[in-house]
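Hi,

Here is the structure I promised to send over.

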Amino acid sequence: MNRYNYFNNNWVRNMQTNNFVKPNQSLYSPKEAFEKGNLFADLYSQYKNYKPITLKANTEREKMLLELSQIAFAAHELNLYLDVYPNDSSMIALFNDYRDRANQLEKNYEQKYGPLTVDSENQETNYFAWESGSWPWERDFNV
Amino acid sequence: MFKYCKKLQFPVNIKKKDLRMAKYLVTQYGGSNGELAAALRYLNQRFTMPDDRGKALLTDIGTEELAHVEMISTMIYQLMKDATLDEIQKAGLDTHYAEHAKALYPTDASGVPFTVAYFATTGDPLADISEDMAAEQKARAVYENLIDLTDDPDVIGPLLWLRQREIVHYTRFKELFEYYEKKLKKGNNEFSAADQMEDKMNMNNMPNMNSNWTTEANNWNNDLMESMNYNNNNYLLEKMHADNNEWFM
C-alpha cells in the first residue's frame with residue numbers, strides 16, 4: 001500500500017525526536033469533529049451559548065453520505081496539520097487510516113448512489129450517471 | 001488542476017425562506033472578508049511560498065475555501081428560492097432582482113460587487129501570511145455578526161461550522177508564520193537549495209547528527225539520497241554541520 005510515510009525503517013523512526021511536533025494533541029472522534037467543524041480539542045472555541053447542530057441521517061443514503069463526510073473531514077483536518085508538521089509520524093499513521101476509510105466509504109456510496117467525482121469507477125451505466133440526480137445545492141439528502 | 005466532488009463539505013438544508021438573511025449572508029460570498037476572496041487570496045499567494053510547507057498549506061486551505069464558497073452560495077440560493085416578487089421588493093432585494101433576478105452574484109451586504117482589491121500579494125511570505133491570519137480573524141468576526149442576525153437553526157448550524165474553520169485555518173497560518181519567521185530571519189525571502197533539501201528529508205527532525213553519527217544512520221541517509229536522486233552528499237552534510245545547533249537540537 002502506498003503510504004505517505006517515509007520512515008519505513010523502525011530504527012530510524014524510534015530515533016526521531018520529533019522536535020517540530022506539537023505534543024499531546026487531543027482529537028475529537030470524526031463524528032464529533034465533523035459536527036464541531038474542528039478535529040482538535042484544544043483549538044475548539046464555542047461562540048456564546050451556541051452548540052453545534054446535531055446531524056441526523058434519516059435514510060440509508062444520508063447515513064452513508066454523513067459517514068463519508070465525517071471521515072473525509074477528519075482526514076482533511078490531519079492533512080492541514082501535516083502540511084505544517086510533516087514529520088509527525090503518529091498523525092501520518094492516523095491520516096492514512098482515515099484516508100483509507102474515506103476512500104472505501106466513497107466507493108461504497110458511489111456503488112449504490114452514483115458517482116461523486118466524474119472519474120469514479122461507478123460510471124458503467126447506459127446513461128451518463130454524472131449529470132443525473134440533483135446537485136449539492138438542491139439536495140434534500142443534505143442530512 | 002482541480003477535481004470537483006459532487007457533495008457539500010458540510011450539509012446545508014434550509015427549509016425556511018429568509019430574504020433579509022440572504023441579503024446579509026451574501027457578504028461572505030462576495031464581500032471583503034468572504035470565502036471567494038479567501039480562496040483567491042491563498043491560491044494566488046501560494047506560488048511564491050518559500051518551501052513545500054507553505055505551498056501545501058495555501059493550496060489545501062485555498063481549495064477548502066472553494067468548498068465554503070459553495071456552502072455559502074447554497075445557503076443564499078435556498079434562502080431566496082421560494083420568494084415571491086412582492087417579498088423580494090419588500091426585503092429591498094428589488095435592486096438585486098433588476099440585474100440578476102434570483103441568480104447568485106458575488107457582492108457584499110450593501111450590494112458592492114466583488115473585487116480582487118480585497119486581497120494583496122507582496123511576494124514576501126511573512127507579509128502575505130500575516131494578511132491570511134488577519135483574513136481568517138475578520139471572517140470569524142463576520143460569521144459571529146451573521147449568527148447574531150438570525151434565529152433559524154438551519155442557518156446558524158452551517159455558520160457556526162464555518163466560523164470554526166476560520167479558527168483552525170488561523171492557527172495553521174500562525175504556525176506557518178512562526179516557522180518562517182524563525183527560518184527566514186536572515187532577511188531572505190527564499191530558502192536556499194540546502195534548506196529545501198533539508199526540509200524534504202525531514203532533517204530538522206533528526207537527533208544531533210554530530211554526536212549520534214553511526215554507520216547505520218549513514219547508510220540510511222545515503223540510501224535515502226540515492227532514492228531521491230540526490231547525489232551531492234557533501235553539500236548536504238556541510239549544510240547539516242553548519243546549521244547543526246539551530247536545526248538539529
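The buried residues of α7(B) pack against α1 (19-25), α2, α3, α4 and α8 (153-183) of chain B. Buried here means that 20 or more other C-beta atoms lie within 10 Å of the residue's own, with 12 or fewer counting as exposed, anything in between as partly exposed, and C-beta atoms placed from the backbone. Helices are DSSP runs of H or I with at least four residues, strands are runs of E with at least two, and both are numbered from the N terminus.

Before going on: this is a predicted model, in which local features need pLDDT of at least 70, side-chain atom pairs count only at pLDDT 80 or more, and totals for chains, interfaces and linings use all residues. Residues are numbered from 1 along each chain as its sequence is written, while chains are lettered from A and ligands numbered from 1 in the order in which they are written.

Back to α7(B). Its buried residues include B:Pro125, B:Ile129, B:Val142, B:Tyr143 and B:Leu146, along with charged ones such as B:Asp128 and B:Arg140.

Now for its partner α3(B). Helix α3 (residues 35-45) and helix α7 (residues 125-148) of chain B pack at about 165 degrees, their axes 11 Å apart; axes are lines fitted to C-alpha atoms over the stretch in contact, and angles run from 0 to 180 degrees between N-to-C directions. That makes α3(B) roughly antiparallel to α7(B), the term for angles over 145 degrees. B:Ala38, B:Arg41, B:Tyr42 and B:Gln45 in α3(B) meet B:Asp128, B:Asp132, B:Ala135 and B:Ala139 in α7(B), where contact means C-beta atoms, placed from the backbone, within 7 Å. By type, this contact has four nonpolar residues, one polar and three charged (Ala, Val, Leu, Ile, Met, Phe, Trp, Tyr, Cys and Pro count as nonpolar, Asp, Glu, Lys and Arg as charged, the others, Gly among them, as polar).

α3(B) is mostly covered, with eight of its 11 residues buried. Those buried residues pack against α2 (27-30), α4 (52-80) and α7 of chain B.

In α4 of chain B you will find B:Leu66, which is partly exposed because 18 other C-beta atoms lie within 10 Å.

Cheers

Note on methods: Parallel < 35°, antiparallel > 145°, perpendicular 65-115°, else oblique. Contact = placed C-beta atoms within 7 Å.
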